[in-house]
Amino acid sequence: MIYFDNSATTKMDPSVLQTYDAVCQNIWGNSSSLHSWGEKAFNLLEQSRKQIADLMDCYPDEIYFTSGGTESDNWAIKGTAMEKRPYGKHIITSSVEHAAVMNSMKHLEKMGFDVTYLPVDDEGRVSPEDVRKTIRKDTILVSIMAINNEIGTIQPIEEIAEILNDYPKIHFHVDSVQAIGKGVEKLIRNPRVDFLAFSGHKFHAPRGTGFMYKKRGRMVQPLIDGGGQEKNLRGGTENLPAIAGMAKALRLLMEDEDQKVAHQRAIKDRIYQHISQFDKVHIFSKNDETFAPHILCFTIDGVRGESIVHAFEKYDIYISTTSACSSKKGDIAGTLAAMKVPEKIATSAVRVSLDEHNTLEEADEFNRVFDKLYEEFKMINS
């Protein structure tokens with residue numbers, strides 16, 4: 001089996017599963033309880049928080065545990081909107097954000113907020129100058145993703161941060177779900193970035209885990225009210241086994257990160273160089289440093305994306321259409337639509353997404369199967 005759908009989810013690392021199981025068996029107290037079992041749980045919770053903070057080069061009290069990237073995005077966006085509503089109702093985002101961001105914006109529009117959706121160029125990239133021109137006196141938030149989940153575009157976060165240095169009261173949120181462990185830590189850890197969203201199941205941690213970075217001094221309203229957990233900002237008993245597993249998964253991910261990124265880029269290059277030779281193939285993910293090392297989006301003209309996905313599945317190779325969140329709905333890739341790619345082409349889009357465990361041998365097998373399927377599709381179309 002060749003699994004090339006890692007942007008949708010990753011397999012839990014076996015050692016992470018061992019950690020999860022060990023915590024379930026041995027430290028089952030509630031971290032909010034006053035007795036010794038609660039104290040053991042609390043100490044492990046804070047140890048996990050510190051480990052993640054050290055890996056992210058921030059303070060432990062800037063890390064908040066959530067259920068995943070979707071909650072973290074929702075919290076940063078809606079929490080900012082509710083907190084800063086007395087000062088303004090204007091928000092800036094891009095037209096290629098993940099559904100967690102886009103649907104949060106749509107929700108806020110129904111509540112009377114004014115959202116500007118910035119256009120992108122033919123590579124799916126926002127113009128920093130457009131951000132500058134769109135800022136108003138009542139702008140309270142800018143939300144731009146780090147790496148696009150559909151085609152892998154790396155957004156100009158550093159340039160936008162430089163612009164926002166002149167507007168210190170505007171919150172800057174970056175959806176970093178696809179960016180962790182992909183060689184762009186310098187970009188997402190820019191000191192002007194106020195909020196970062198992460199999802200554990202994108203880096204071999206248990207599903208239902210995630211965390212949000214919130215810079216010291218930035219205020220947000222709680223999204224989930226409860227018993228005062230996470231410094232009174234996120235109610236609900238913490239999922240300690242999963243959090244401990246996530247902390248371990250992040251540590252493993254960031255060991256030898258440069259080598260892992262280079263390895264993924266080499267696999268992407270092997271596939272890119274092969275399929276780019278075919279007349280009816282259009283590739284949207286560039287093979288350079290301006291795009292993520294692990295995402296390759298392409299089309300075969302005249303063949304619907306779901307047909308390509310199922311054709312590869314017959315050979316035990318697993319890819320996806322675009323975002324896993326929209327693929328079963330049959331939606332056209334929002335990024336390609338924003339790039340003004342004709343619908344006839346956009347409906348053919350598929351995504352290969354890699355991780356550090358994939359191999360060049362798997363890329364060669366993918367290319368071999370691709371040749372066979374390309375000829376079959378060509379015969380059908382003719």
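Colleague: Which residues does Val220 touch, not counting residues up to four places away in sequence?

Modeller: In this predicted model, Val220 touches Trp75, Gly79, Thr80, Glu83, Phe195, Lys214 and Leu233.

Colleague: Where does Val220 lie, and is Val220 buried or exposed?

Modeller: Val220 lies in the loop between strand E8 (210–214) and helix H8 (229–232). Val220 counts as buried because its relative accessible area is 5%, and buried means under 20%.

Colleague: How many residues apart in sequence are Val220 and Lys78?

Modeller: Val220 and Lys78 are 142 residues apart in sequence, yet their C-alpha atoms are 8.3 Å apart in space.

Colleague: Turning to the core, which residues of the largest nonpolar core touch the most other members?

Modeller: They are Ile52, Phe172, Phe203 and Phe211, in a core of 65 residues. Helix H9 (residues 240–254) gives the most to this core, with nine residues.

Colleague: What is Phe203 in contact with, leaving aside its neighbours within four places in sequence?

Modeller: Phe203 is in contact with Thr10, Ile180, Phe211, Met246, Ala249, Leu250 and Leu253.

Colleague: Why does Arg251 count as partly exposed?

Modeller: Arg251 counts as partly exposed because its relative accessibility is 33%, which falls between the limits of 20% for buried and 50% for exposed.

Colleague: Where do Glu375 and Lys378 lie?

Modeller: Both lie in helix H15, three residues apart, about one turn of the helix. Salt bridges that share partners also join Arg192, Asp194, Lys215 and Arg218 into one network.

Colleague: Finally, how many residues does helix H10 have?

Modeller: Helix H10 (residues 257–275) has 19 residues and reaches 27 Å from its first C-alpha to its last. Its buried residues include Val261, Ile267 and Ile271. Among the elements that the buried residues of H10 pack against are helix H9 and helix H15 (360–381).

Methods: Residues numbered from 1 in each chain as written. Predicted model: local features only at pLDDT ≥ 70, side-chain atom pairs only at ≥ 80, totals over all residues. Heavy atoms only, no water. Core = buried A, V, L, I, M, F, W, Y, C linked by side-chain atoms within 4.5 Å. Buried < 20%, exposed > 50% of the residue type's maximum accessible area, 1.4 Å probe, protein only. Helix = DSSP H or I, 4+ residues; strand = E, 2+ residues; numbered from the N terminus. Contact = heavy atoms within 4.5 Å. Expected span 1.5 Å × (residues − 1). Salt bridge = Lys/Arg side-chain N within 4 Å of Asp/Glu carboxyl O.
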